[in-house]
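This report describes selected local features of one protein model. Please view the sequence and the structure together while reading.

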Amino acid sequence: MLIQMAFYSWLCSIANAFVVLWALTLSLNQVHGVIIQSNHPERGCDFSVGSWVIDSHQPFYDASRGCPFIVQGFNCLGNGRPDQEYVKYKWKPFGCHLPRFDGKKMLERYRGKKIMFVGDSLSNNMWQSLTCLLHTAVPNSDYTLTTQTKQLSVFFFPEYQASIMWLKDGFLVDVVHDKEKGRIVKLDSVRSGDQWKGVDALIFNTYHWWTHIGETQTHFQLGSEIVDMDHLEAFRIGLTTWAKWIDSNIDPSRTSVLFQGIAATHYDGNGCAGQTNPMQGSQPPYPGADIVKNILHSMKNPIHLLDITLLTQLRIDGHPSLYSGRGASYVDCSHWCLAGVPDTWNEFLYAALIGR
């Protein structure tokens, strides 16, 4: 009897040790719903903290020659940008290595599958970067680019039966347009979410439309009431609605869900015009970034955050600036040149979905 009790006690100790080890391993990879580092060999390494360094292997592609489908607004060299140092920088995380993008491997892994970007023009920026990276990896493989609806664009590789899609949706919650009031953002409604179902990888993005104050007047609606509130508070409520919808409607065993973090703009001060080098050092907290992290942390389903805020804060030189093709009087300090900074966002995406 004593021997049996001792053996039982030993088994319990071993089991408890495995539980502790499992919990410790999980804690290195996930905090609540947010996956910090999912399949990186260097556990605990934060890819979002690092610096930009010159790399002789950059850039991945020449958008003007190798990717004829890139829109004019992102093709800075094609629009006459004279300096070219901005395409030669690579993001170097502190203490570990970012896996180099392998487009052929990614297409093989997503053979017969669908990847969808959902968001505003920054999602378009990232989507076009990915299509160019993949096309450059298999330049002899045919592709089609179709605009299936006013909001949905599809880049398709017939050889791999792989679809890379961009669904334009700047708020991720429902929006209606009223003739008198203008744009009405329904903070507690996600009826449009049905378009996100049946996809193998979803990369969401929203932020900039919440803070734009332009010609289109924006109102926020809760229930049946139009409410006046701070735009960042509206952003928090709307993103919470999206998070609840994802938790209730997306099966994480079927679909990988990622969130494209907030990309910095550089309109303050002298803006981005004439900038040819990255900035260095730490940067102040960026508005909205903590809101994103807090909401993703509260989700029950695993969400991989592509935390691109710091690396974009440092790249004041990476915007189209005067070279967006819209004339010398237009300065774009919001979007990004291709090749350029969004290629790193897709290296983050590759590390999350594929790893080494």
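## Basis

This is a predicted model, in which local features need pLDDT of at least 70 and side-chain atom pairs count only at pLDDT 80 or more, while totals for chains, interfaces and linings use all residues. Residues are numbered from 1 along each chain as its sequence is written, and side-chain values use heavy atoms, with hydrogens and water left out.

Helices (H or I, at least four residues) and strands (E, at least two) are DSSP runs, numbered from the N terminus. Two strands pair if DSSP finds at least two bridges between them.

Strand β12 (residues 218–222) pairs with strand β10 (residues 182–186) in the parallel sense, over four bridges. Here H219 of β12 stands opposite I184.

With strand β13 (residues 225–227), β12 pairs in the antiparallel sense over three bridges. F220 stands opposite V227 in β13. The two strands β12 and β13 form a hairpin with two residues between them. In its turn, G223 has a positive phi of about 65°.

## Helix α4

The 17 residues of α4 should span 24 Å at 1.5 Å a residue, and the end C-alpha atoms are 24 Å apart, which agrees. The expected span is 1.5 Å times one less than the number of residues in the helix.

Of the 17 residues of α4, 14 are buried, so the helix is mostly covered. Buried means under 20% relative accessible area, exposed over 50%, and partly exposed in between (1.4 Å probe, protein chains only). At the start of α4, the backbone nitrogen of L122 has a side-chain oxygen of D120 within 2.9 Å.

S141 lies in the loop between α4 (121–137) and β6 (144–147). S141 is buried, with a relative accessible area of 4%. Leaving aside neighbours within four places in sequence, S141 is in contact (heavy atoms within 4.5 Å) with F157, E159 and Y160.

S141 and E159 are 18 residues apart in sequence, and their C-alpha atoms are 6.7 Å apart in space. Their side chains make a polar contact at 2.9 Å. A polar contact is a pair of N or O atoms within 3.5 Å; within protein, one must be able to donate a hydrogen and the other to accept it, and residues adjacent in sequence count only if both atoms are side-chain atoms.

## T344 in α9

T344 is part of helix α9 (residues 341–353). T344 is buried, with a relative accessible area of 3%. Not counting residues up to four places away in sequence, T344 touches W52, W91, L98 and L311.
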